[in-house]
Amino acid sequence: MAPSPLVPVILCGGTGTRLWPLSRASYPKQYWPLAGQGDDTLLQQTQLRLEGLPELAPPLLICNEDHRFIVAEQLRQIGVEPAGILLEPLGRNTAPAVAIAALQATASGADPLLLILAADHVINSPERFRATVAAGIPAAEAGRLVTFGIVPTAPETGYGYIEAAQPLDPAAPVPIARFVEKPDLATAEAFLATGRFTWNSGMFLFRASAILSELERLAPEVVSACRAALDQDSPDLEFLRLEREAFANCPNVALDVAVMEKTDRGAVLPLDADWSDVGSWGALWETGEQDAQGNVLRGRVISENSRNCYLRSEHRLVVGLGVEDLVVVETDDVVLVAHRDRAQEVKAIVGRLEREGAPESKAHRRIYRPWGHYDGVVEGDRWQVKKIEVKPGASLSLQMHHHRAEHWVVVKGTALVEKNGVEELVGENQSTYIPLGSRHRLRNPGKIPVELIEVQSGPYLGEDDIVRFEDRYGRTDVAAVN
């Protein structure tokens with residue numbers, strides 16, 4: 001019998017507020033390069049570490065519809081053509097996400113193995129990871145629901161645990177006795193002493209038909225809602241948008257709770273591959289590449305006589321001078337300075353900012369769009385300045401504004417500007433004026449990115465003052481830019 005294809009299912013949900021100010025709702029941690037010294041993001045690393053697995057098929061990705069262009073672009077950057085990018089209109093936890101993936105994977109009559117992965121994990125030993133996945137394939141082929149339990153390195157109280165029904169075997173999955181929620185320290189120490197407990201990683205391997213069968217038996221309402229959402233889906237470029245109302249009827253439940261805690265087909269395979277869910281800045285310091293003084297340095301950073309710090313710069317120079325046990329993270333609009341042992345409390349700061357309506361709680365100054373991105377540079381009363389970058393071959397929508405006029409100054413590349421049906425090329429160090437009410441569009445016909453400075457002026461400068469007439473990305477209604 002020929003081996004089954006192995007389809008990675010990468011779950012890209014979550015906002016990672018404990019890694020604020022870098023991770024925010026508009027651009028969560030899975031889309032940032034957080035681990036190692038390279039530029040690959042956590043999402044990209046999740047896909048790249050799979051290379052070499054047997055019968056590896058193109059991945060299925062499930063993400064928030066607001067992040068769809070980020071996901072597509074990051075896969076394009078690493079040369080991966082996905083089997084599909086499924087868009088959730090709202091978050092509904094891992095059981096619905098897995099159900100959607102299994103239904104989609106079997107829609108054509110196939111029955112592949114599904115490797116369920118989170119997009120925001122760090123695994124520093126990809127070879128050991130691949131070996132463990134390969135060791136779980138025979139059991140998954142035979143109909144077992146395999147979960148990967150992380151071999152504990154300490155009596156952690158922040159993770160759930162899985163107890164094996166017999167001694168753990170790194171070469172083959174063994175039956176699961178039970179799942180245990182986050183324990184207190186004494187209980188966690190007792191767990192480790194038995195040698196039968198692992199941390200619950202949230203990673204799984206099973207045949208698509210096997211997980212669908214158990215979902216139908218143990219959580220039929222999840223499958224029925226997901227099937228309805230898929231039956232009424234709508235293609236959107238290279239994406240598949242789930243029908244909102246049907247998906248909203250789906251219970252918000254984790255796969256562990258819906259299936260794994262109840263099934264008699266579950267099995268656990270220990271994974272010892274230097275894993276972390278990078279749930280805090282302290283965790284990034286622990287798993288990062290430390291210098292001789294115990295510092296993890298990222299970006300434009302100088303450290304002098306500093307010890308055991310995590311220092312990160314995204315833009316400006318950060319200098320650590322004679323400090324210890326700090327987390328310092330600089331972004332375009334926020335600087336976080338925290339004691340390393342208290343850094344995970346930034347979640348409370350995000351909650352406070354949300355209650356105050358502060359934009360820093362959700363978005364960066366850099367906002368990503370399907371055509372590129374823009375950065376808010378400075379703003380005043382009735383005016384603001386943005387820096388815009390448009391990818392080669394990309395185009396903004398044909399649009400107009402009721403309340404603002406715009407001046408564009410091209411500083412790199414050549415832009416093709418359309419105003420009321422008339423086109424003109426605008427090169428470096430040239431400018432053009434977009435009057436209020438003018439139908440206009442900007443294209444990049446060249447081979448390099450176009451960069452321009454946009455000066456907006458008018459009584460209202462909100463992003464919802466856009467009327468679209470034509471748009472290659474399907475955004476032709478009166479709405480905020482998406």
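Two strands are taken to pair if DSSP finds at least two bridges between them, where helices (H or I, at least four residues) and strands (E, at least two) are DSSP runs numbered from the N terminus. By that criterion, Pro 175 has Ala 267 in E12 as its bridge partner. The model is predicted, so that local features need pLDDT of at least 70 and side-chain atom pairs count only at pLDDT 80 or more, while totals for chains, interfaces and linings use all residues. Residues are numbered from 1 along each chain as its sequence is written, and side-chain values use heavy atoms, with hydrogens and water left out.

**Strand pairing around E8**

- Strand E8 (residues 174–180) pairs with strand E7 (residues 161–164) in the antiparallel sense over four bridges, and Val 180 of E8 stands opposite Tyr 161.
- E8 also pairs with strand E12 (residues 266–271), again in the antiparallel sense, over two bridges.

**The six-stranded sheet**

- An open sheet of six strands runs in the order E20-E21-E22-E29-E24-E27 with antiparallel pairing.
- Strands E20 (366–369) and E27 (431–434) stand at the edges with a single partner strand each, so one side of each is left without a neighbour in the sheet.
- From one strand to the next, the twist averages 25°.
- Within this sheet, strand E21 (residues 372–380) and strand E22 (residues 383–390) run antiparallel and are joined by eight bridges, with Tyr 374 opposite Ile 388 in E22.

**Packing of H6 and H7**

- Helix H6 (residues 208–218) packs with helix H7 (residues 220–231) at an angle of about 115°, their axes being 5 Å apart; axes are lines fitted to C-alpha atoms, for helices over the stretch in contact, and angles run from 0 to 180 degrees between N-to-C directions.
- The contact (heavy atoms within 4.5 Å) is made by Leu 215, Glu 216, Arg 217 and Leu 218 of H6 together with Pro 220, Val 223 and Arg 227 of H7.

**Aromatic pairs**

- The structure holds eleven aromatic pairs, a pair being rings of Phe, Tyr and Trp (its six-membered ring) with centres within 6.5 Å, where planes under 30 degrees apart count as stacked, over 60 as edge-to-face and the rest as tilted.
- The rings of Phe 69 and Phe 239 have centres 5.5 Å apart and planes at 85°, so this pair is edge-to-face.
- Because Phe 69 lies in helix H2 (residues 68–77) and Phe 239 in strand E11 (residues 239–241), the pair ties together parts that are 170 residues apart in sequence.
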